[in-house]
Amino acid sequence: MLSLILALFSGAVGGLIVAMIPETNNRLRNYIVLFFASSSAFFTWRTAMKVFAGESVRIAGELGGLAFSLDPDPLGAVFGLIASTLWLFTAVYSFGYMVGKHKQRTFFTFFLISLTMTLGVAFSGNLVALYLFYELLTFATYPLVIHERSPEAMKAGSKYILYSLSGAGAILIAIVLTYAWSGKLDFSGGPMLVNSLRPGLNWLLGLFIGGFGVKAAIMPLHRWLPTAMVAPTPVSALLHAVAVVYSGVYGILRTVYSVFGHELIGQLGIRNILPWIAAITILAGIATATRQDVLKRRLAYQTISHLSYILLGAFTLKAWGLAGAIFHMISYSTLKITLFFCAGIISEMTGEIKVSKMGGIGWFLPKTMVAFSIATMGMIGMLPLNTFWGKYYLMKGSVESGKWPLALVLVISGIINAICFVPAIVNGFRGERTKTSGEKGGRVSLMLAPTLILVIIALFIGLMPGIVWPGVEAVVNWFY
Amino acid sequence: MTAAITANLPVFIIIAPLFVAFVLPTLAQRMRLVENLVISVEALMLFGACYLASIVLFQKGIPIIYQMGGWSAPWGIELKVGSLGAFFLLVIAIVSLPIALFARGNLTFEVGGKERRARFYVLYLLLVGALAGMALTNDLFNVYVLVEVATLSCCGLVSARNHPRAAKATFTYLILATLGSCLVMGGIGFIYIVTGHLNMGFASQELGRIWQNNPRVVWMAFSFMLVGFGVKSALFPLHVWLPDAHSVAPSPASAILSGLAVKGYLICLLKVLYNVFGHTLMQTYSVHKVLVLVGMVAIIAGSISALTQDDLKRRLAFSTVAQVGYIFLGFGLLNTKGLAGTLFYLASHAVIKSTLFLSAGAMLAVTGKKNIKDLSGIGRKMPVTTAAFTVSSLGLIGIPLFSGFVGKWHLLLGSFESDNILSVAVIIAGSVLCAAYLFPIIRIAYFESAPEKDWKDPNVPQKLALILLSIVIVVLGVVPGSLLELAGRAAAELLVLQ
């Protein structure tokens with residue numbers, strides 16, 4: 001219980017402390033950020049271990065006359081672990097990336113506060129808590145999106161807020177309706193709407209998915225995501241590839257497994273449409289990515305596509321599908337962050353943001369491009385990388401649910417991923433081999449170290465998928 | 001002695017501000033005394049309101065009936081402290097005390113010299129007294145008198161600033177408000193014709209028995225009341241006077257006008273609709289459908305109009321038009337949850353809108369800028385004021401942790417209970433639009449670079465008022481406790497009464 005509170009509030013407390021440190025005192029601020037990010041990660045690990053061991057870490061109270069509880073189950077623990085661990089890596093990367101950038105104090109303040117909000121989403125024990133942190137996450141990440149303060153960034157920020165709040169509105173309607181129909185808000189104690197088959201359920205599920213789908217970037221609700229790429233790269237990496245978008249995905253997983261329950265959805269007409277919505281986003285997302293020239297935008301569309309992998313797994317309503325979804329959630333996040341980190345290093349070291357102009361860049365930034373290549377292999381779903389296993393289980397789940405074309409969709413998506421990025425990598429190693437390497441100095445090492453460690457972790461999980469399997473198994477056993 | 005005071009508390013709470021109001025002009029040269037007097041009266045009212053509310057909560061639904069001058073009901077005037085009365089009294093006291101505190105620091109800038117300030121306080125207390133009367137009265141003609149007192153003091157407050165625009169706005173307001181009063185008067189007349197009673201309880205009983213004898217007259221009474229109070233409470237499209245009046249008034253006046261005065265008329269309408277006509281008659285005449293419909297129109301139209309305003313106070317004024325829509329919508333839901341949510345929403349909006357107007361007023365006083373675009377970077381220069389503005393904006397948008405969310409939640413539950421899917425959509429759309437017109441202000445205040453100017457937070461009383469109101473917003477959002485319970489009971493009583 002204490003570790004839950006410490007994990008949750010480390011970020012917010014750290015953020016407030018950072019806000020009080022003068023703009024010029026970078027060194028002190030970095031140490032404080034590191035301390036609070038590590039403390040949050042540490043206590044999240046402790047909480048998660050307790051959850052996996054089957055202990056209850058529930059905190060319950062009232063908020064505005066409504067029940068409010070924090071009660072991470074294995075799914076929440078997995079999401080919390082992913083978020084807090086990657087936050088630590090991104091913090092280190094940001095120390096390097098932000099050198100010489102303006103408004104670092106604001107950046108790190110909201111960087112840490114967003115951690116609390118994300119963990120709040122992960123640890124929420126009922127719909128009220130989930131909604132609260134989901135809304136606050138929008139506001140906490142807004143200053144990060146508009147960090148550049150350029151007109152373009154301001155526009156992206158407004159778009160982000162408008163999309164998110166509209167989505168949250170749909171979610172609020174859905175939550176109130178759930179409460180009106182079932183009288184329940186709590187995730188523990190089985191699905192809320194179980195045994196209450198009634199005509200409006202298809203619409204209710206649609207509302208939930210439409211609402212959370214904004215942050216989960218289901219097409220056509222994805223439009224805010226590519227524009228939000230004006231944010232500094234660590235933000236794009238962490239928030240727009242993992243934390244914020246995962247909060248949407250997490251909301252959908254919750255809806256499917258804790259609000260409705262897979263048995264109930266199995267009786268609804270909408271079950272046949274949902275996997276195809278995900279499939280369309282998978283293909284359309286990655287197909288759009290091939291047409292983008294700006295590297296970060298290309299990565300953003302790839303994110304859109306891969307988020308729907310996870311949704312596809314959930315929508316198969318089979319245990320293997322869920323296992324694949326959770327596995328993909330874990331493994332995809334490590335690699336996607338790597339890709340963005342590499343994009344950030346490239347743009348910082350060479351000033352180049354367009355893929356077409358990156359010829360020969362691999363000789364200048366060899367380690368970065370190697371990391372980029374390995375991560376791309378992961379996105380394609382090749383074997384030594386962890387994403388292979390997620391994809392494998394996803395296919396297994398699709399076939400099990402009797403929709404084998406979905407497995408084909410995953411294969412095709414892998415091929416388009418290759419088409420999208422392999423030529424860029426080949427192009428990167430074209431031309432004369434130069435001796436001068438751009439990867440020297442403290443700043444690059446700060447950015448490079450987390451990138452390389454993440455790649456190694458991804459390879460390690462790929463070779464020994466057993467080490468994350470207990471977590472995946474715990475989630476699946478929780479719901480099946 | 002104490003027994004005598006507690007027994008007569010319902011009438012004291014109305015008389016005290018009125019009485020002090022008439023004393024104030026004689027003390028105009030001693031402003032410090034005047035201000036202290038006003039604050040003490042407000043504090044006493046808060047104390048009394050808390051006491052009455054606790055009694056009402058404790059008695060579980062048995063109202064305190066006070067007979068003015070000892071004359072019993074059909075002949076004398078009755079004051080009734082039920083859950084609704086205690087609830088609204090509490091809201092009045094909670095909101096008007098910080099506004100008075102703010103006025104203490106801000107009035108020299110807004111209205112000028114001692115004489116003018118003293119006159120402002122006279123009108124202020126008259127308005128507060130009239131509102132307290134509206135909360136408690138159980139007599140139709142008394143409602144009319146109080147409505148007139150409130151209207152005239154509102155007009156005075158609008159014109160408190162020596163400015164030609166103020167005179168014009170006041171004139172428009174006066175004409176339309178008088179029209180509204182006439183209609184209300186007509187409505188009361190029709191009820192009297194049918195029932196022969198002015199006491200709400202008796203009129204209601206009589207009306208339930210014999211309304212079929214004069215169905216047309218009852219219909220007229222309904223429509224006169226709706227339009228009359230609609231004008232007074234700025235129901236779209238009868239709101240034309242509001243944006244001018246509320247934006248040119250001195251900021252403390254804007255706060256009480258938008259926060260409380262409008263609510264007073266709404267409470268009167270609520271009493272007339274539910275305590276006199278009763279919900280069965282409303283259903284017979286489909287009044288509840290009309291209410292929901294006009295409410296929805298007002299939410300959307302008011303919000304969109306607010307979006308187009310560049311003047312900060314005008315934007316807030318149009319936002320009031322939208323929020324009044326929510327309350328009308330809630331009046332038409334005809335179930336306990338919806339009505340309780342509406343009442344709580346009314347209270348929450350009273351606090352929030354006052355905070356918004358006060359913080360906007362503080363910004364205006366320091367910067368002299370009316371336009372939202374000119375307020376860039378003000379969050380750095382005036383942290384307390386902008387924080388109060390932000391808290392209240394989040395409350396109005398309906399983010400959890402803030403009071404607006406609790407009200408909206410129950411409104412949504414109520415809408416679902418009466419199977420009104422369209423109103424659910426409109427409530428949420430209103431929230432999103434509200435974010436669309438308030439969020440840019442916060443963005444400009446915090447995330448745009450500040451000009452090199454010597455702007456700073458206002459003096460202590462103003463800051464204190466803003467902090468107090470912000471705390472109320474958060475407390476109501478986190479632990480709405482007894483206020484929500486009072487609202488729930490009031491709703492139940494309104495719906496049971498037949």
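How many residues does helix α4 (residues 104-123) of chain A have, and how far does the helix reach from its first C-alpha to its last? Helix α4 of chain A has 20 residues and reaches 29 Å, close to the 28 Å expected at 1.5 Å a residue; the expected span is 1.5 Å times one less than the number of residues.

## Basis of the model

This is a predicted model, in which local features need pLDDT of at least 70, side-chain atom pairs count only at pLDDT 80 or more, and totals for chains, interfaces and linings use all residues. Residues are numbered from 1 along each chain as its sequence is written, and chains are lettered from A and ligands numbered from 1 in the order in which they are written.

The mean pLDDT (the predictor's confidence in each residue, from 0 to 100) of chain A is 88, and 100% of its residues reach 70 or more. Within chain A, confidence is lowest in helix α14 (residues 361-364), with a mean of 81, and highest in helix α5 (residues 127-145), at 92.

## Helices of chain A

Helices (H or I, at least four residues) and strands (E, at least two) are DSSP runs, numbered from the N terminus. In α4(A), 18 of the 20 residues are buried, so this helix is largely enclosed by the rest of the structure. A residue counts as buried if 20 or more other C-beta atoms, placed from the backbone, lie within 10 Å of its own, as exposed if 12 or fewer do, and as partly exposed in between.

Helix α6 (residues 151-182) of chain A has 32 residues and reaches 46 Å, close to the 46 Å expected. Just after α6(A), A:G183 takes a positive phi of about 70°.

## Contact between the chains

The contact (C-beta atoms, placed from the backbone, within 7 Å) takes 21 residues from chain A and 22 residues from chain B. On the side of chain A that touches chain B, the largest share, 10 residues, comes from α6(A).

## Backbone features in loops

Most residues other than glycine have a negative phi, and most peptide bonds are trans. A cis peptide bond with omega about 5° joins A:M219 and A:P220; A:P220 lies in the loop between α7 (201-215) and α8 (224-227) of chain A. In chain B, the bond from B:F236 to B:P237 is also cis, with omega near 0°.

A:L317, in the loop between α12 (295-315) and α13 (319-350) of chain A, has a positive phi near 65°. A:L317 counts as buried because it has 23 C-beta neighbours inside 10 Å.

Conventions:
Contact = placed C-beta atoms within 7 Å.
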